[in-house]
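Dear colleague,

Please find the structure below, together with its sequence. My notes on it follow.

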Amino acid sequence: MKAKFAIIALLLGVAVQASAQNNVAEEVAWVVGDEPIYKSDIEEQYMQLQYERQPIDGNPYCVIPERMAIEKLFLHQAKIDTVKVQDAMVIQQAESRINYFIANLGSREKVEEYFRKPLPELKEQMIEVIRNQYTVQEVQRSLTKDVKATPSDVRKYFASLPSDSIPYIPQQVEVKLLSLNPVIPQQEIDDVKSRLRDFTNKINSGESEFSTLAILYSEDGSSMYGGEIGFKSRSELVPEFASVAFNLNDTKKVSKIVETEFGYHIIQLIEKRGDRINCRHILLRPKVAQKDLEEATVRLDSIRQDMIAGKFTFEEATQWISQDKDTKNNKGIMVNRRTSSTKFEMADLPQEIAKVVDKMQEGEISQPFVMIDPNRNKEIVAIVKLTRRIAGHKANLSEDYQTLKAMYENSRKAKIIDDWVAKKQRETFVRIDDDWRNCEFKYSGWIKN
């Protein structure tokens, strides 16, 4: 069970805050401005990091209080700049994580036992920790918002890199995709709708909670949070879902069945706040029958044979035939969402595509294969064309400009933040207990002679 809780690392400060408030006699290790850091704070975070097996680069009794002190500098700046984070976003994150804990530990009572505090208290402390994290991020974004690299900047940066600092770029490929979505039998659709109607009846009669059924049966990633999606605007939801969700007004009622590109849903309102809404949903996806997959495979194999015979090109076929909306109007070219580039490391490709591409030659068109559509999590039939394979190599400007540009911008942002912290150290009253004065800190300015 413990292995499931890497996410708890985000809650390092939760238990700490209550202890500092309830025990004024605690020993103070650091003071930053007028903010104390208690010895118990440091011990609590160290125990949590050990529990999570989080690596610590250096002496934890030096690293941890320095991290806490830096956070206090950013939070103080946030007050000066009146930096605000959206309460809705913070509350949504806190509620989502609590739902995650309930789903994995089994009940609210077990969560309270695990954290040794009532759920409302846990939620309030979690909200403060998450708000502080978001606030620090906002201050850092504000400090670095003007960092933009020109080609000249990137060239100079690359020229200045020592040979052993130039990154190694693993093998990359450029791939084109053509896919078909097999027709789903009406009986399968009817069965899915029947199950959703049964869920609705159980919820309306009080026999089951919506969130419980979502955890047990929903095929969406939100299932671990009891189906809760967090506060969203209309533009963040597909139109069919948004149209129904934003018309709900009773938090006890369940919506009609809603069809979207992802499958079939029922929805329950949690809360409305201005132009944003938080709701739960249960998603069921009709399954493709094996015979329909086989028929689509035969059709796609015939199309492939026509390509090889020169009747039309892969690129022409994607425009006429492909049902993949992301690549259909782009001559089949796949774009890496992580990098916004057409180049993929093998680990970035969907598993089924990577397995096929690994054995292909440049210019080759694959045999048809069944894969899971990563956007809609349903079975489709696809063929791919390997247009280019780039061997692993040390980064260079011609092939890896975007990677080097990101490295340059990140280094500039890190320098701005480092300089800012050093300046704040000089301007801020800091007192450190003698037990910490021999530490090797990342920033040397904590101890003033």
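Is Asp348 buried, partly exposed or exposed? With a relative accessibility of 26%, Asp348 counts as partly exposed. Please bear in mind throughout that this is a predicted model.

Asp348 takes part in a salt bridge with Arg338, with the closest N and O atoms 2.8 Å apart. This pair links distant parts of the chain, ten residues apart: Arg338 belongs to the loop between α12 and β9, and Asp348 to the loop between β9 and α13 (351-357). Arg338 is exposed, its relative accessible area being 57%.

The whole structure contains 21 salt bridges. One of them joins the side chains of Glu261 and Lys325, at 3.1 Å from N to O. Glu261 is in the loop between β6 (258-260) and β7 (263-273), while Lys325 is in the loop between α12 and β9, so this pair ties together parts that lie 64 residues apart in sequence. Glu261 is partly exposed at 30% relative accessible area, and Lys325 is exposed at 53%. Another salt bridge is formed by the side chains of Lys291 and Asp292, at 3.4 Å from N to O. Here Lys291 counts as exposed, with 51% relative accessibility, whereas Asp292 counts as buried, with 10%.

Turning to the strands, an open sheet of four is arranged in the order β9-β4-β11-β10, with antiparallel pairing. Its edge strands, β9 (344-345) and β10 (369-372), each pair on one side only. Within the sheet, β4 (residues 172-180) and β11 (residues 379-390) are joined by nine bridges in the antiparallel sense, and Gln172 stands opposite Ile390 in β11. Helix α11 (residues 290-308) packs on this sheet and touches β4, β10 and β11; its direction makes about 35° with that of β11.

Among the helices, the axes of α8 (residues 186-204) and α9 (residues 210-217) come within 9 Å and cross at roughly 150°. Because angles over 145 degrees count as roughly antiparallel, α8 is roughly antiparallel to α9. Arg195, Phe199 and Ile203 of α8 make the contact with Phe210, Leu213 and Tyr217 of α9. These residues comprise five nonpolar, no polar and one charged.

Finally, two loop residues other than glycine have a positive phi. For Thr82, in the loop between α3 (60-80) and α4 (87-105), phi is near 50°. For Ser340, in the loop between α12 and β9, phi is near 60°. Thr82 is exposed at 57% relative accessibility, and Ser340 is exposed at 63%.

With kind regards

Terms used:
Residues are numbered from 1 along each chain as its sequence is written. This is a predicted model: local features need pLDDT of at least 70, side-chain atom pairs count only at pLDDT 80 or more; totals for chains, interfaces and linings use all residues. Side-chain values use heavy atoms; hydrogens and water are left out. Axes are lines fitted to C-alpha atoms, for helices over the stretch in contact, and angles run from 0 to 180 degrees between N-to-C directions. Angles under 35 degrees count as roughly parallel, over 145 as roughly antiparallel, 65 to 115 as roughly perpendicular and the rest as oblique. Contact means heavy atoms within 4.5 Å. Ala, Val, Leu, Ile, Met, Phe, Trp, Tyr, Cys and Pro count as nonpolar, Asp, Glu, Lys and Arg as charged, and the others, Gly among them, as polar. Two strands pair if DSSP finds at least two bridges between them. Buried means under 20% relative accessible area, exposed over 50%, partly exposed in between (1.4 Å probe, protein chains only). A salt bridge is a side-chain nitrogen of Lys or Arg within 4 Å of a carboxyl oxygen of Asp or Glu.
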